[in-house]
Amino acid sequence: MANSRYDLVVIGSGPGGYVAAIRASQLKMNVAVVERDRPGGVCLNWGCIPSKALLSSAEAMETIRGASREHGIEVGEIRFDFKKVIARSRAAAEKLSRGVRFLFKKNKIDLYEANAEVIGPNTVALQALDGKPALDVKRLEAERILLAAGSGERLFPGMQIGDGVMTSKEALVRDSLPASIAIIGAGAIGLEFGYFYQAFGTKVTIIELENQMLPGFDAEIAEELRRAFVKREVIVLLGHGYKSMARDGDMWSVTVDGAGAEKSVQAEAVLVAVGRAPLSAKLGLEKVGVELERGGFIKIDDSFRTTCPSIYAIGDVGRPPLLAHKASGEGVAAVEIMAGVRQPGFDLLSIAGCIYCEPEVATVGLSEADAKARGIEVKVGKIPFRAMGKAVAIGHPDGFVKLVVSKEYSEVIGCQIIGNHATDLISEVVLGKTLEATTAEFGHTVHPHPTMSEAIMEAALAAEGEAINY
């Protein structure tokens, strides 16, 4: 068994923890990781990767359906094996989890598959997992501890999972397709599963307490997305709060309240997608003086240091937004700050938010409303994809690019995109934000033609009243 003394012990091997561990190893730290599930955490095993595998299958279904309607390619009856759809998703997760295990070995990082509890400023106690053999090493000593334990699904009081009621985790392994489903929550998870089930023929009802999909996002983007879902015959109930659910024969009856009146939604299955909560409660943090903030997030400073000087926290346990790439970025930043090769600080406004339904949504930085709320004078450049030759040629003319630009410097301070490949296109704007690029730099960079990315160039020109193709 490996040495039980380390420079750094990381609790959690999700996209924050495993990336931090590898970067720390590159920085010559002696590193151990403790993981209670599978290497890769929620992202690789129960979140980003398997859900995107499912969405890929949904996209394939839609492409085949559209072949005759839009391209004149005749296809026969479309049939599918839903068990294989789920199996493919699980295989993708398993492959990448094995990849993380390989990376640990390659970087000489010790992996302990155990429950972890912090019992001292420099000590982590290990407990064997249920059904697993007793551990040879019971405690790890470390100069520093990095908490990267991630988050878990939220439930409303009284909700019970099972018998057709699921969170995203159960939905990822359910290998039978429900004829109908009620999805509680119109955030990223609810909308991605709504798109997935609708593509395979399930009758989908989405229930959201707020008056727009994607609460907190740009209202114009949210309305465009609502119209797209309604066009797909998804029932969208905005401004309707969940009250209760009850079994009604073979169906579930979900009671919601909207505009002062109750209504009932009947569905074979229910997906609860009302957000996630940081997994900070069972780490023993109160024993070492690590303070929590509202919502159970761990209080950290701009070096990711908690209120116990030897303990750091990143990712979902640290602060919103709860995104895998934000956790990875914070993990790298945290260990580089520990090693003295980076200054404290991390720009959350350069973290993109992506939703992988169809149409895709991607945002970064400030929305027009956010900027105005901060007293920043802005101008907006907006270009619909239907003005772009590539979008028309490939049959995806819906959606638009919207750039939010400061009037004072013409710097691009925010971007919202809805449409095909939005989640790939946003990276150009993320890089531009890092470089503090202006509309001149986006607009005068010659983009290859025909591409969807031309819409970003045109939106920058539009902000200055110089758009060429619109």
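Entry 1. I looked up an open sheet of five strands, ordered β18-β19-β22-β21-β20 and paired in the antiparallel sense. The edges are β18 (353–355) and β20 (378–384), and each has a single partner strand, so one side of each lacks a neighbour in the sheet. On average, neighbouring strands here are turned by 10° against each other, direction ignored.

The model is predicted, so I note that local features need pLDDT of at least 70 and side-chain atom pairs count only at pLDDT 80 or more, while totals for chains, interfaces and linings use all residues. Residues are numbered from 1 along each chain as its sequence is written, and side-chain values use heavy atoms, with hydrogens and water left out.

Terms for this entry: helices (H or I, at least four residues) and strands (E, at least two) are DSSP runs, numbered from the N terminus. Two strands pair if DSSP finds at least two bridges between them.

Strand β21 (residues 400–406) meets strand β22 (residues 412–419) in the antiparallel sense, over six bridges. Lys402 stands opposite Gln416 in β22.

**Entry 2. Helices on the sheet.** Which strands does helix α11 lie across? Helix α11 (residues 422–434) lies across β18, β19 (360–365), β21 and β22, and it runs at about 10° to β19. Helix α13 (residues 454–463) lies across β20, β21 and β22, at about 140° to β20. For these angles, axes are lines fitted to C-alpha atoms, for helices over the stretch in contact, and the angles run from 0 to 180 degrees between N-to-C directions. Contact means heavy atoms within 4.5 Å.

Entry 3. I asked how many residues of helix α1 (residues 17–26) are buried. Eight of the 10 are, so the helix is largely enclosed by the rest of the structure. Buried means under 20% relative accessible area, exposed over 50%, and partly exposed in between (1.4 Å probe, protein chains only). The buried residues of α1 are Gly17, Tyr18, Val19, Ala20, Ala21, Ile22, Ala24 and Ser25. They pack against β1 (5–11), β2 (31–35), α4 (82–106), β6 (139–147) and α8 (324–339). Just after α1, Lys28 takes a positive phi of about 75°.

Pro15 sits in the loop between β1 and α1. Is Pro15 buried or exposed? Pro15 counts as buried, because its relative accessibility is 13%. Apart from neighbours within four places in sequence, Pro15 is in contact with Gly40, Cys43, Ala324, Ala327 and Ser328.

For contrast I looked up Val392, which is in helix α10 (residues 389–393). Val392 counts as exposed, at 51% relative accessibility.

Entry 4. I noted a volume of about 950 Å³ for the second largest pocket. Its lining has 29 residues, of which Glu62, Glu70, Arg232, Glu358 and His396 lie nearest the centre. Elements giving two or more residues to this lining are α3 (48–71), α6 (188–199), α7 (219–231) and β22. The largest share, nine residues, comes from α3. By class the lining has eight nonpolar, 10 polar and 11 charged residues.

Terms for this entry: on a 1 Å grid over the protein atoms alone, a cavity is a set of points where a 1.4 Å probe fits but cannot get out, and a pocket is an open set with protein on both sides within 12 Å along at least five of seven lines; lining residues have an atom within 4 Å of a point. Grid points are joined across faces, edges and corners, and a volume is the space filled by probe spheres set on the points. Ala, Val, Leu, Ile, Met, Phe, Trp, Tyr, Cys and Pro count as nonpolar, Asp, Glu, Lys and Arg as charged, and the others, Gly among them, as polar.

**Entry 5. Cavities.** The search of the whole structure gave two cavities of 30 Å³ or more. Residues lining it include Glu153, Ser168 and Arg276.

The second largest cavity also holds about 40 Å³. Its lining is Ser51, Leu54, Leu55, Glu192, Phe193 and Phe196. Both α3 and α6 give two or more residues to it. Ser51, in helix α3, is buried, with a relative accessible area of 8%. Leaving aside neighbours within four places in sequence, Ser51 is in contact with Leu172 and Glu192.
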